[in-house]
Amino acid sequence: MTSPPAPIPSRTQYVLEAIKHRILTGRLTPGQALVEVELAAQFGVSKTPVREALKTLAGTGLVVMNQYRGVTVRMVDADMAREVYDVRLLLEPEALRRVVLRGAPLDAARDALTRADAATDTAERSLANREFHRALYLPCGNPLLGRMLDQVRDQAALVSAVAWAADPSWRREAAEHRDILRLALDGDADGAASALHAHIASFVRRAFPEPRPEEGHP
């Protein structure tokens with residue numbers, strides 16, 4: 001008796017994760033077209049799971065679906081970056097503060113930091129960086145808060161990938177990560193939250209600085 005074929009949702013999830021990985025590691029760049037028939041051939045599937053995967057990625061903000069241009073990887077500009085990081089600034093430090101106050105374990109954050117330090121390329125480092133931040137907020141005790149941050153983490157990773165391509169600042173960020181984790185492990189909830197807030201704010205300021213007003217204008 002032969003095994004039944006894998007259901008479409010499984011194939012869709014496989015394609016979804018594969019496309020997301022390529023976007024977040026820079027193999028697919030902002031503005032690049034995503035053609036259903038080409039992706040289907042690459043992954044050895046029909047166009048249906050590709051189409052469903054692209055719809056899901058559009059919902060998370062990683063790709064844009066346009067009636068005339070088709071599907072493209074989302075472009076990253078200063079407005080988009082500040083919008084995403086503003087949400088993180090509002091929610092992520094508070095989530096970490098709650099994690100520390102609850103005494104939740106941070107082994108996953110420590111492991112992700114170790115993987116980031118040992119990474120041999122930007123792709124590995126980017127993925128480990130995402131897991132580090134997620135490990136800091138996920139055990140906050142409020143599943144809704146965790147899901148809200150999950151909804152912006154892919155867009156934040158896309159911003160980071162673009163910023164790192166222009167200015168590889170990961171060494172500085174790695175040092176800040178170690179300070180944040182140290183404060184959290186020491187039980188300093190407010191200190192860890194403040195350090196995380198400063199870390200997030202400084203990144204977006206460096207990568208996407210506010211335009212200076214023209215001389216002679218307020």
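# Tour from the α4–α6 contact

Select Arg88, Glu92, Ala95, Leu96 and Val99 in α4, then His133, Leu136 and Tyr137 in α6: these two groups meet. Contact here means heavy atoms within 4.5 Å. Helices (H or I, at least four residues) and strands (E, at least two) are DSSP runs, numbered from the N terminus.

The model is predicted, with local features requiring pLDDT of at least 70 and side-chain atom pairs pLDDT 80 or more, while totals for chains, interfaces and linings use all residues. Residues are numbered from 1 along each chain as its sequence is written, and side-chain values use heavy atoms, leaving out hydrogens and water.

**The α4–α6 pair**

Now show the whole of helix α4 (residues 78-102) and helix α6 (residues 122-137), which pack at an angle of about 60° with their axes 7 Å apart. That angle makes α4 oblique to α6; angles under 35 degrees count as roughly parallel, over 145 as roughly antiparallel, 65 to 115 as roughly perpendicular and the rest as oblique. The axes are lines fitted to C-alpha atoms, for helices over the stretch in contact, and angles run from 0 to 180 degrees between N-to-C directions.

The expected span is 1.5 Å times one less than the number of residues in the helix. Which residues of α6 are buried? Arg125, Ser126, Ala128, Asn129, Arg130, Phe132, His133, Ala135, Leu136 and Tyr137 are. Buried means under 20% relative accessible area, exposed over 50%, partly exposed in between (1.4 Å probe, protein chains only).

Select Arg153, in helix α7. At 17% relative accessibility Arg153 counts as buried. Apart from neighbours within four places in sequence, Arg153 is in contact with Arg130, Glu131, Arg134 and Tyr137.

Move to Leu158, also placed in helix α7 (residues 143-166). Leu158 is at 1% relative accessibility and counts as buried. Not counting residues up to four places away in sequence, Leu158 touches Ile23, Leu24, Pro30, Leu62, Arg74, Val76 and Met80. To check a distance, pick the C-alpha atoms of Leu158 and Lys20: the two residues are 138 apart along the chain and the atoms are separated by 9.8 Å.

**Tyr85 in α4**

Return to α4 and select Tyr85. Is Tyr85 buried or exposed? At 3% relative accessibility, Tyr85 counts as buried. With neighbours within four places in sequence left aside, the contacts of Tyr85 are Ala156, Val159, Ser160, Ile200, Phe203 and Val204. The C-alpha atom of Tyr85 is separated by 22 Å from that of Val100, 15 residues away along the chain.

**His199 in α9**

Next, go to helix α9 (residues 189-207) and select His199. His199 has 6% relative accessibility and counts as buried. Outside four places in sequence, His199 is in contact with His133, Glu173, Glu176, His177 and Ile180. Between His199 and His177 there are 22 residues in sequence and 8.1 Å in space, C-alpha to C-alpha.

The buried residues of α9 include Leu196, His199, Ile200, Phe203 and Val204.

**One face of α3**

Select helix α3 (residues 47-60), where 14 residues reach 20 Å from first C-alpha to last, close to the 20 Å expected at 1.5 Å a residue. Colour Pro49, Val50, Ala53, Leu54 and Leu57, which are buried. Looking down the axis of α3, the buried residues fall within an arc of 135°, so they line one face of the helix. The arc is that of the directions from the helix axis to the C-beta atoms. Gly61 follows α3, with a positive phi near 90°.

**Whole chain**

Zoom out to nine helices and two strands, running α-α-α-β-β-α-α-α-α-α-α from the N terminus on. Along the principal axes, the C-alpha atoms fill a box of roughly 60 × 60 × 35 Å. Of the 218 residues, 44% count as buried. Among contacts between residues at least 6 apart in sequence, 73% join residues at least 24 apart.
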